[in-house]
Amino acid sequence: MLQDIRENSQGTIAKIIIGLLIVSLSIWGMDAIVGGFSGEPEVATVNGEDITEREFLRVVQMESQRRLSEMERPDPAMLNEDQIRKDVLDSLIQEQVLIQDASAQGLALNDADIDALITQMPQFQVDGQFSRDRFVASVRNLGMGVGEFREAMRKQYVVNQIRGGVMQSGLVADENAAQLLRIQNQTRNFRSVQIPASAVSDEVEVTDADIEAFYNENGEAFSQPEQVDATYITLSLGALAEKIEISQEDLKAYYEQRAGDLAREERRASHILIEDGADAEQTIASIKKRLDAGENFEDLAKEMSVDTVSAKEGGDLGYAGRGVYDEAFENALFALEEDKVSGPVRTSFGVHLIRLDDIRRSEVPPLAELEQQLRSELARELAQEEYAKVRSELADSAYAADDLAGPAKELGLEIREAKGVTKNGGQAPFDHAGLVRQLFSDDVLEGGYNTELIDVGDNVSVVARVGEYRKAQQLALEDVRDDIRRTLESRKTRELLGDRADAIIADLEKGETLEALGVGEWEQHEDQARNTQGAAPRVVQAAFSLACSVDGEPSYGTAMTQNGVVVIALDAVNEGSTEEGSGDLNQLRTFLASLEGQREYAAYQQFLRNSAEVSRP
């Protein structure tokens, strides 16, 4: 395919297509290409209202960027574009249904309401004040115009109002919450005795016929996947930096340049934290009013802050440098002047009012103490330009070359080998899914081309090619005989242990004792909770899965462990207690009500979706 592109890009057909595009653009403009004269195209219609292609593509781009940002190693090749487009279209249809429902209920925001919301958003503020420049820049970074952003806010706000109303309507019966908490707080009295694997080891026998039968019945488990031996070139900023020599004069100049950064600045802050609920803005406004009236910040923190730890200290958080707090909190704190109080700052913890109490800066360490660190930093900084240049040259050279020898010699890079790379990857750098996908592509595997230059890490790039390809094949029986034997021995041991435990339980239920059975002695476990550390987790789980006998006799069960099997005798179930008004009970009620609200809102969404008329071109 790569070769086809190389040849056709210079061909007559390509030139004709480009010519037609130029003529179309010169006569009718861009609309002739992207939209014609029929208006903006739509991707779906919901109850007669269009979802435009432009809106759809913008959200697809935003969703793609979001998913990339969540990757440990962002790689566009890893994105499932078809799935993203499907997910985005489904979400836009659902959003449109909700917006129409909000409109039908008469929920709407006027321009003044939108302005008030925007000016209060902390991401658009500088030093606690709304900044139009920051607002416009932030909106443009989202790929939106100001008008589009305002309209999106208008829609989302009313949808959120309905969502909040439905979700907050979730109710749970008090007795249901109390009963669940009693079950959770339940404890149990039980006994246990372990039957070790050695107790049945003499009975375990695995024959060659057993091994061969298992091998034939489970052939797929012993297949060796298709593999390639690959050659590759790695280009890294670190390797280039190691070759750069830093003179003492350059190091001293860099040290003086960095002096300001090397003096660590720490800021002492106090804050008042309010839960981010429907009345948060009103509460913050009330606190600000009391501060302006002369009330003490420390007293208000003790009275109002939900951060109970710092509230006891008047909101004091102590000294901290950058990288400690939430990003929004940090930005607000380091933008403050001493003794000033910020505007409302939203984080995942709630809404803060922040006061800067003090600033302290450490002395710059001597050059001798930082020499190695600064030498490394400067070398990497100087290597950046060289890395970008060589990377571009390597990408072009490898694309045009029939092997890696030429690009490696031309750029002074080393060719390395990796053996046994499968579609699931291999040793670094073939633990990168994008590189592996390229390696097993038709162009590279069958066409004999080099891969594209792939960024497999931070300033590390790789180009590779296939050396030898091996088809998937089944491993020979002799190669896996020992593994199969161990598997069958383990399986038979567990079966025999299970049978032994069942036999012991049958005898115990007839009135026999462990002593008479020659098994061992019971280990007592009294008043054990679900999270007890007094027994193995599997034993505790099995004990809590047993039903208590109605006739007062023990209930028996088993739990398989790594060392054998444990026979369990459940003697008593101790009902958990609850106290009305306790923190645990209130927290559980809130949680259950939240779950119920989420279920109700999901059902509400589904009802609206099922009732809507949706068409897709």
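V46 stands opposite V614 in β19. V46 belongs to a pairing in which two bridges join strand β1 (residues 42–46) to β19, and these strands run antiparallel. Helices (H or I, at least four residues) and strands (E, at least two) are DSSP runs, numbered from the N terminus. Two strands pair if DSSP finds at least two bridges between them. The model is predicted, so local features need pLDDT of at least 70 and side-chain atom pairs count only at pLDDT 80 or more, while totals for chains, interfaces and linings use all residues. Residues are numbered from 1 along each chain as its sequence is written, and side-chain values use heavy atoms, with hydrogens and water left out.

Now widen the view to the sheet. β1 sits in an open sheet of three strands with the order β2-β1-β19 and antiparallel pairing. Its edge strands are β2 (49–52) and β19 (614–615), each pairing on one side only. Helix α4 (residues 53–69) lies across β1 and β2. α4 runs at about 45 degrees to β2. Axes here are lines fitted to C-alpha atoms, for helices over the stretch in contact, and angles run from 0 to 180 degrees between N-to-C directions. Contact means heavy atoms within 4.5 Å.

A second sheet comes next. This open sheet has four strands in the order β16-β5-β18-β17, with antiparallel pairing. β16 (523–528) and β17 (555–560) are the edge strands, and each pairs on one side only. Neighbouring strands are turned by 25 degrees against each other on average, direction ignored. Between strand β5 (residues 187–196) and strand β18 (residues 564–574), which run antiparallel, there are 10 bridges. S192 stands opposite I568 in β18.

Two helices pack on this sheet. α22 touches β5, β17 and β18, and its direction makes about 165 degrees with that of β17. Helix α24 (residues 537–545) touches β5, β16, β17 and β18. The direction of α24 makes about 125 degrees with that of β5.

Stay with α22 (residues 477–509), which contains R481. Is R481 buried or exposed? R481 counts as buried because its relative accessibility is 14%. Buried means under 20% relative accessible area, exposed over 50%, and partly exposed in between (1.4 Å probe, protein chains only). Leaving aside neighbours within four places in sequence, R481 is in contact with D208 and I211.

Next, a helix pair. Helix α9 (residues 174–184) and helix α25 (residues 583–611) pack at an angle of about 120 degrees, with their axes 9 Å apart. From α9, the contact uses D174, A177, A178, L180 and L181. From α25, it uses D584, L585, L588, R589 and L592. These residues divide into seven nonpolar, no polar and three charged. Ala, Val, Leu, Ile, Met, Phe, Trp, Tyr, Cys and Pro count as nonpolar, Asp, Glu, Lys and Arg as charged, and the others, Gly among them, as polar.

Finally, the cores. A nonpolar core is a set of buried Ala, Val, Leu, Ile, Met, Phe, Trp, Tyr and Cys residues joined through side-chain atoms within 4.5 Å. The largest has 26 residues, of which I233, L235, Y255, L374, L394, L413 and V463 touch the most other members. β7 (227–236), α11 (237–242), α12 (248–257), α18 (367–400) and α19 (405–411) each supply at least two residues of this core. α18 gives the most, with 10 residues. Not counting residues up to four places away in sequence, L374 touches L251, Y254, Y255, R258, L262 and L367. Apart from this core lies another, of 24 residues, among them V60, L92, I99 and V166.
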